[in-house]
Number of protein chains: 2
Amino acid sequence: MKRKITLKQIAKELDVSVSTVSKALKDSREISIDTKDKVKAFAKLYNYKPNNIALSLKNRKTKTIGIIIPEIVHYFFTTVIQGIEHVANEKGYNVIICLSNNSFDKEVLNLEFLANGSTDGFILSVAKETQQKEDYHHINEVISQGMPVVMFDRVIDEVICDKVIISDKHGAFEAVQYLIDQSCKKIALISTVDYVSVGKLRTEGYQEALITNDIPINPELILKIEDVDHSEERIEAFFSDKDIDAVFAVNEKFAVNAIKALTKLGKKIPDDISVIGFTDGVVSKSFIPSLSTVNQHGEEMGAKAASLLIDRLEDKVHEQSFQTTVLNTSLIIRDSVKRKTDSL
Amino acid sequence: MKRKITLKQIAKELDVSVSTVSKALKDSREISIDTKDKVKAFAKLYNYKPNNIALSLKNRKTKTIGIIIPEIVHYFFTTVIQGIEHVANEKGYNVIICLSNNSFDKEVLNLEFLANGSTDGFILSVAKETQQKEDYHHINEVISQGMPVVMFDRVIDEVICDKVIISDKHGAFEAVQYLIDQSCKKIALISTVDYVSVGKLRTEGYQEALITNDIPINPELILKIEDVDHSEERIEAFFSDKDIDAVFAVNEKFAVNAIKALTKLGKKIPDDISVIGFTDGVVSKSFIPSLSTVNQHGEEMGAKAASLLIDRLEDKVHEQSFQTTVLNTSLIIRDSVKRKTDSL
């Protein structure tokens, strides 16, 4: 019997990238005819059939949902998984989780691996690198084979499927509006680079709140960070020469690092500077001063994503109508913000 | 690197005779164009050379490792997964994660599901309920079927397999000894119920440190909590009538809740009471006062577990000799402990 072969093995054997193999099998124009011929000959030889997905879907249900997330040491994603697990177990589904570690190649491999008979459908939040490359062929391929996909949080407009997002822009707008309502006028933003969709949306919300209140957008008060894991030094350097009265940070880590950096510079939180973060993680609650945040409701997001996927797996929805569910965030005001009444 | 292949194998793979392959490669008119194209593409692909000895085609492994953990919204477990991922990816293995949610039944189902052809072996930390029931037949069954299993953190003595643990007892001993060295004498313990193996071991370490230093064990200073998620009220009630100078808590949540409860009661940390926790999570670092902890080195634990499993999968160890690796913890002293020199 010929052994079953994976995308990764084909890539290794032919000494090309996983994405090249994946695209070649889909007859992408990006790949040379010579390479396509090689890949296809090889795939044929080893009975590599992407259509296996469709076959296995018809023949047997695995009653298993695959989750692919970009990071695991990340409170928000773990709460989403918790929400998915809860609904999936209730409805008799197993859940298996794979990590992309924010790598495009790993995401392609995970998807191929899980689609190959192990799962009935996916819940997915895309890797940073995938957003950067803007290459979504692997997700579209799985969908076109008839496998339901639900995207959450970091979703892709170009991929047509069910989605669950929070109102990132509105959540940021509300947070900044709240700061403005407390008489803050010089509000700094600490965000991620723009290709991370949620960072971009939260940045837009910040800008919109300023514009709505006739406060000019000052690019010098905006810091965009690529490497989240080493943000501390960047944030410290950024604040060293800034005259501000508030900070809005697009995640918990940035918010905590902002408070630490400002404290080092002799500022008092919230008396001198108010801070609001995004994501209500374990740190926000425990931190002193406790951190005001935009709550993303991760568990609710996971539960909704699982419901959407299972409804589709059980044919409870029409095949062509996809929906994007927008969950509301909520603003949790704690001690890191100086309220207007505090100063009276 | 590409595999090298023989004529015979080409023939077998393409389901034609050796003579057909030979003739096709010589462009014989006896062979159809379609067959010639196939044979040539294949030969090209494998750098076919008449004298080369082919490598074995018998590798039919999934190259996938299954992880089963009790909880996901849990910093320590996510760092272990990170460590496993790192080593597994380096060695060309996929990783899939399933959660038992501390349920025995779910653990049984996960194991059955993953053992059914999806994975080559397991890395496992058992569910609380499994420890309570003392029923390990599902794990033993998988092992007896020839599937390698590595247990970590919450391991079971009765299951014979490779294990990676930290020195829970010694880590606790060191922490309590440190408190005693700082002149603490009335040290409270906040632990889990005894059937959770790590909680039991940490309790033993606490007791041993007291005995070693001729401090009597006072049962009234020991609180054992079943429901970790609702520990706050229990801890508050516990402290309301206690005369203590230090607290050792077996996890981060208990330590944080202890500090909050004591602060509510008007105590100052560390001036009135010193606190040490277990697990160096995100909260410990950010908390004010920053929390002294026993560091469990989760990533290192995951990396070791993955190495052990992969060595076994790749037959690098003898089948009958199992090892238990004990990783050292390290004590991280931060602001939540009043050092002896502080009071001079």
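The questions and answers below concern the domains, interfaces and salt bridges of a predicted model.

In this predicted model, local features need pLDDT of at least 70 and side-chain atom pairs count only at pLDDT 80 or more, while totals for chains, interfaces and linings use all residues. Residues are numbered from 1 along each chain as its sequence is written, chains are lettered from A and ligands numbered from 1 in the order in which they are written, and side-chain values use heavy atoms, with hydrogens and water left out.

Me: Into which domains is chain A divided?
Reply: Domain bounds come from an automatic or database domain assignment. On that basis chain A has domain 1 (1-50), domain 2 (53-165 + 300-327) and domain 3 (168-296 + 330-343).

Me: What area do domain 1 of chain A and domain 2 of chain A bury between them?
Reply: The C-alpha centres of these two domains of chain A lie 24 Å apart. Their contact (heavy atoms within 4.5 Å) takes 10 residues from domain 1 of chain A and 11 residues from domain 2 of chain A. Buried area is the accessible area (1.4 Å probe) that two parts lose on being put together, summed over both. Of the area between domain 1 and domain 2 of chain A, 60% is on carbon and sulfur atoms, and the total is about 960 Å².

Me: Which residues form the salt bridge between domain 1 of chain A and domain 2 of chain A?
Reply: A salt bridge is a side-chain nitrogen of Lys or Arg within 4 Å of a carboxyl oxygen of Asp or Glu. The rule finds 1 salt bridge across the interface of domain 1 and domain 2 of chain A. With N to O at 2.9 Å, the partners are A:Lys23 and A:Asp135.

Me: Which helix gives the most to the side of domain 1 of chain A that touches domain 2 of chain A?
Reply: Helices (H or I, at least four residues) and strands (E, at least two) are DSSP runs, numbered from the N terminus. Both α1 (7-14) and α2 (18-25) of chain A supply at least two residues of that side of domain 1. The one that gives the most, with 4 residues, is α2(A).

Me: Why does the salt bridge of A:Asp135 and A:Lys23 tie together parts that are apart in sequence, and how many residues apart are they?
Reply: The side chains of A:Asp135 and A:Lys23 meet at 2.9 Å, N to O. A:Asp135 lies in the loop between α7 and α8 of chain A and A:Lys23 in helix α2 of chain A, so the pair ties together parts whose separation in sequence is 112 residues.

Me: Is A:Asp135 buried or exposed?
Reply: Buried means under 20% relative accessible area, exposed over 50%, and partly exposed in between (1.4 Å probe, protein chains only). A:Lys23, at 11% relative accessibility, counts as buried. A:Asp135 has a relative accessible area of 12%, so A:Asp135 is buried.

Me: Which residue is joined to A:Asp135 by a polar contact of 2.6 Å?
Reply: A polar contact is a pair of N or O atoms within 3.5 Å; within protein, one must be able to donate a hydrogen and the other to accept it, and residues adjacent in sequence count only if both atoms are side-chain atoms. A:Asp135 sits in the loop between α7 (128-133) and α8 (137-144) of chain A. The side chain joined to that of A:Asp135 at 2.6 Å belongs to A:His137.

Me: What area is buried between chain B and chain A?
Reply: This contact takes 44 residues from chain B and 43 residues from chain A. Carbon and sulfur atoms give 60% of the buried area, which comes to about 3,800 Å².

Me: Which residue of chain A forms a salt bridge with B:Glu85?
Reply: Between chain B and chain A the count is 2 salt bridges. For B:Glu85, the closest N and O atoms are 2.4 Å apart, and the partner is A:Lys106.

Me: How many residues of the side of chain B that touches chain A are charged?
Reply: Ala, Val, Leu, Ile, Met, Phe, Trp, Tyr, Cys and Pro count as nonpolar, Asp, Glu, Lys and Arg as charged, and the others, Gly among them, as polar. That side of chain B has 23 nonpolar and 11 polar residues, and its charged residues number 10.

Me: Is B:Lys264 buried or exposed?
Reply: B:Lys264 forms a salt bridge with B:Glu236, the closest N and O atoms being 3.0 Å apart. B:Lys264 lies in helix α11 of chain B and B:Glu236 in helix α10 (residues 231-239) of chain B, so the pair ties together parts 28 residues apart in sequence. At 29% relative accessibility, B:Glu236 is partly exposed. With a relative accessible area of 62%, B:Lys264 is exposed.
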